[in-house]
Amino acid sequence: MQSGFDISEFTEARILVECAIIPLATRRIFPAMLSKLENELRLIEENADNPQIADQHDRDFHLLLLQASGNRVLQVFSDVLIAYFEKTRESLPDNDCQYFLDTASKQREILSYIKKGDAQMASELMRVHLLEKKI
C-alpha cells in the first residue's frame with residue numbers, strides 16, 4: 001500500500017471524507033454534474049466484464065462526487081482516492097461482472113438519494129458501500 005498505509009486505513013479515511021462531502025454535494029450539485037455521475041455509472045455497467053475499465057469508471061464516480069462538493073480543500077483528497085484505486089487494481093476480481101454491476105447499483109441508489117436531497121441516507125449508503133468493498 002501507498003507509504004505503508006494498509007487497506008483498512010484507506011477505507012477509514014474514505015468513509016470519513018466521502019460520507020462527509022455528501023451533504024455538500026447534495027446542496028451544490030447541478031444538472032451537468034448529475035449527468036456526468038450517471039454517465040460513469042452507465043460506463044461501469046457497460047464495462048462490467050472488463051475489470052480494469054469498470055474500476056476506472058468507479059474511481060471517476062467517486063472523484064466526481066468530491067468535485068460536486070464544491071470544496072477545493074476537500075478535493076485534495078482525490079489524490080488518496082487515486083492511490084487507493086491504483087493499489088487495489090491488482091486485487092480486482094477476474095471476470096466477475098456481477099461485482100461491478102452491484103457496485104453501480106449501490107452507487108445509483110446513493111445518487112438517487114442525493115437527487116432527492118436526502119444527504120443523511122446517501123451518506124449512510126456510502127458508508128455501507130465502502131465497508132462492503134471486497135478489495
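Predicted model: local features only at pLDDT ≥ 70, side-chain atom pairs only at ≥ 80, totals over all residues.

Student: Let us begin with H3 and H4. At what angle do their axes cross?

Tutor: The axes of helix H3 (residues 51-68) and helix H4 (residues 78-88) cross at roughly 165° and come within 10 Å.

Student: Are they roughly parallel or antiparallel, then?

Tutor: H3 and H4 are roughly antiparallel to each other, because angles over 145 degrees are counted that way. The crossing of H3 with H4 is right-handed.

Student: Which residues make the contact?

Tutor: H3 contributes Asp 55, Asp 58, Arg 59, His 62, Leu 63 and Leu 66, while Ser 78, Leu 81, Ile 82 and Phe 85 come from H4. Sorted by class, the contact of H3 with H4 comprises five nonpolar, two polar and three charged residues.

Student: His 62 is in that list. Is His 62 buried or exposed?

Tutor: His 62, which lies in helix H3, counts as buried because its relative accessibility is 0%, and the cut-off is under 20%.

Student: What is His 62 in contact with, leaving aside its neighbours within four places in sequence?

Tutor: With those neighbours set aside, His 62 is in contact with Arg 14, Glu 18, Leu 81, Phe 85, Gln 107, Met 126, His 129 and Leu 130.

Student: And Leu 64, what does that residue touch?

Tutor: Not counting residues up to four places away in sequence, Leu 64 touches Met 33, Lys 36, Leu 37 and Glu 40. The C-alpha atoms of Leu 64 and Lys 36 are separated by 7.8 Å, although the two residues are 28 residues apart along the chain. Leu 64 is also in helix H3, and it counts as buried at 12% relative accessibility.

Student: Changing topic: how many residues does H5 have, and what covers its buried ones?

Tutor: Helix H5 (residues 97-116) has 20 residues and reaches 29 Å from its first C-alpha to its last, close to the expected 28 Å. Its buried residues include Tyr 99, Phe 100, Gln 107 and Ile 114. Among the elements covering the buried residues of H5 are H1, helix H2 (31-46), H3 and helix H6 (119-132).

Student: What follows H5?

Tutor: H5 is followed by Gly 117, which has a positive phi near 85°.

Student: Finally, where is Arg 27, and is it buried or exposed?

Tutor: Arg 27 is in helix H1 (residues 7-28), and it counts as exposed at 60% relative accessibility. Arg 27 and Gly 70 are 43 residues apart in sequence, with a C-alpha to C-alpha distance of 9.6 Å.

Notes:
Residues numbered from 1 in each chain as written. Heavy atoms only, no water. Helix = DSSP H or I, 4+ residues; strand = E, 2+ residues; numbered from the N terminus. Buried < 20%, exposed > 50% of the residue type's maximum accessible area, 1.4 Å probe, protein only. Axes fitted to C-alpha atoms, helices over the stretch in contact; angles between N-to-C directions. Parallel < 35°, antiparallel > 145°, perpendicular 65-115°, else oblique. Left-handed = near helix turned anticlockwise from the far one by under 90°. Contact = heavy atoms within 4.5 Å. Nonpolar A, V, L, I, M, F, W, Y, C, P; charged D, E, K, R; others polar. Expected span 1.5 Å × (residues − 1).
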